[in-house]
Amino acid sequence: MKARKDLLDIESLSNEEIELVLTNAKPFKDLIRRSVKKVPPLRGRHVLTLFYEPSTRTRLSFDSAMLRLGGQVLGFADPSASSVQKGETLADTIRMAAGYSDIIVIRHPRAGAARVAAESASVPVINAGDGPHEHPTQTLTDLFCIQRNRGTLSGLRVGLCGDLKYGRTVHSLGPIMARFGSEIVCVSPPELRMP
């Protein structure tokens, strides 16, 4: 089996790896905004998007990026229209689906589902949100925007507001910004405080 890198949580990436992702993302920002005139970089590649819970922005962002870069998108956005409805386990779905794709993107209401998927898959797995746990791809997007607008990820004062107890995006963003040396200020009602 060849080496692969899953993206299950943001903490598993070093600061250097995060910086590398952000640096490598810059040329793609403009590339996905327009039609690719040369050989599309992902031509012949397939992403499998398995969305076990509703999503608009995250699902469409993966679909759009893959298509604009020349790849193909397979998957489902309604698990009730799949073999899940007949009792197929997550691990079984992932093992079967990996045969149709080069990479799997999963969104699931249960914390830890992305890890189960990665343990079952023969291709890389990207966590597009698992329960209240994490949303590492949104964190990378947030970091990209912060770095683009502020020029750095360190030495900033970052406010996290709203539902900090169940909001998976803040569970990823807060710790990473702190790791980069930024001050985190949490603002929420007491019942929605950061765990």
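In this predicted model, Cys 145 is partly exposed, with a relative accessible area of 29%. Cys 145 takes part in no disulfide. The nearest cysteine sulfur belongs to Cys 161 and lies 17 Å away. Cys 161 itself is exposed, at a relative accessible area of 57%. The closest cysteine sulfur to that of Cys 161 is in Cys 186, at 8.8 Å, which is too far for a bond. With a cut-off of 2.5 Å between sulfur atoms, the disulfide count is zero.

Helix H5 covers residues 136–150. The helix has 15 residues and spans 20 Å from first C-alpha to last, close to the expected 21 Å. Several H5 residues are buried, among them Pro 136, Thr 137, Leu 140, Leu 143, Phe 144 and Ile 146. Just after H5, Gly 151 adopts a positive phi of about 80°.

Helix H6 covers residues 168–179. Its 12 residues reach 18 Å between the first and last C-alpha, close to the 16 Å expected. Buried positions in H6 include Val 170, His 171, Leu 173, Ile 176 and Met 177. Ser 172 and Gly 174 are buried as well. Gly 181 follows H6 and has a positive phi, near 95°.

The search for salt bridges returned eight across the whole structure. One of them joins Lys 5 to Glu 17, with the closest N and O atoms 3.5 Å apart. Lys 5 sits in the segment before helix H1 (15–31), whereas Glu 17 is in H1, so the contact ties together parts 12 residues apart in sequence. Glu 17 is partly exposed, with a relative accessible area of 30%.

A second salt bridge pairs Glu 53 with Arg 168, at 2.7 Å from N to O. This pair links distant parts of the chain. Glu 53 lies in the loop between E1 and H2, Arg 168 lies in helix H6, and 115 residues separate them. Both partners fall under the 20% limit for burial. Glu 53 is buried at 16% relative accessibility. Arg 168 is buried with a relative accessible area of 13%. Glu 53 and Arg 168 also belong to a network of salt bridges that includes Arg 107.

Glu 183 and Arg 157 form a further salt bridge, at 3.4 Å from N to O. Glu 183 is in strand E6 (residues 183–187) and Arg 157 is in strand E5 (residues 157–161), so the bridge ties parts that are 26 residues apart in sequence. Glu 183 counts as partly exposed, at 42% relative accessibility. Arg 157 is exposed, with a relative accessible area of 64%.

Aromatic contacts were examined next. A pair of aromatic rings is described by the distance of the centres and the angle of the planes. The count comes to one aromatic pair. The ring centres of Tyr 52 and Phe 76 are 5.3 Å apart and the planes meet at 75°, so the geometry is edge-to-face. The pair connects distant parts of the chain. Tyr 52 lies in the loop between strand E1 (46–51) and helix H2 (57–68), while Phe 76 lies in strand E2 (residues 72–76). Tyr 52 and Phe 76 are both buried.

Val 84 provides another reference point for Tyr 52. The two C-alpha atoms are 9.4 Å apart in space, with a sequence separation of 32 residues. Val 84 is located in the loop between E2 and helix H3 (90–97). Val 84 is partly exposed, with a relative accessible area of 26%.

Strand E2 also contains Leu 74. Leu 74 counts as partly exposed, at 34% relative accessibility. Together with Met 96 and Tyr 100, Leu 74 makes a nonpolar surface patch of about 310 Å².

Definitions and conventions
Residues are numbered from 1 along each chain as its sequence is written. This is a predicted model: local features need pLDDT of at least 70, side-chain atom pairs count only at pLDDT 80 or more; totals for chains, interfaces and linings use all residues. Side-chain values use heavy atoms; hydrogens and water are left out. Helices (H or I, at least four residues) and strands (E, at least two) are DSSP runs, numbered from the N terminus. The expected span of a helix is 1.5 Å times one less than its number of residues. Buried means under 20% relative accessible area, exposed over 50%, partly exposed in between (1.4 Å probe, protein chains only). Rings of Phe, Tyr and Trp (its six-membered ring) pair if their centres lie within 6.5 Å; planes under 30 degrees apart count as stacked, over 60 as edge-to-face and the rest as tilted. Patches are made of residues with over 30% relative accessible area and no salt bridge: like charges are joined within 9 Å, nonpolar side chains (Val, Leu, Ile, Met, Phe, Trp, Tyr) within 5 Å. Accessible areas come from the Shrake-Rupley method with a 1.4 Å probe; for residues, only the protein chains shown count as cover. A salt bridge is a side-chain nitrogen of Lys or Arg within 4 Å of a carboxyl oxygen of Asp or Glu.
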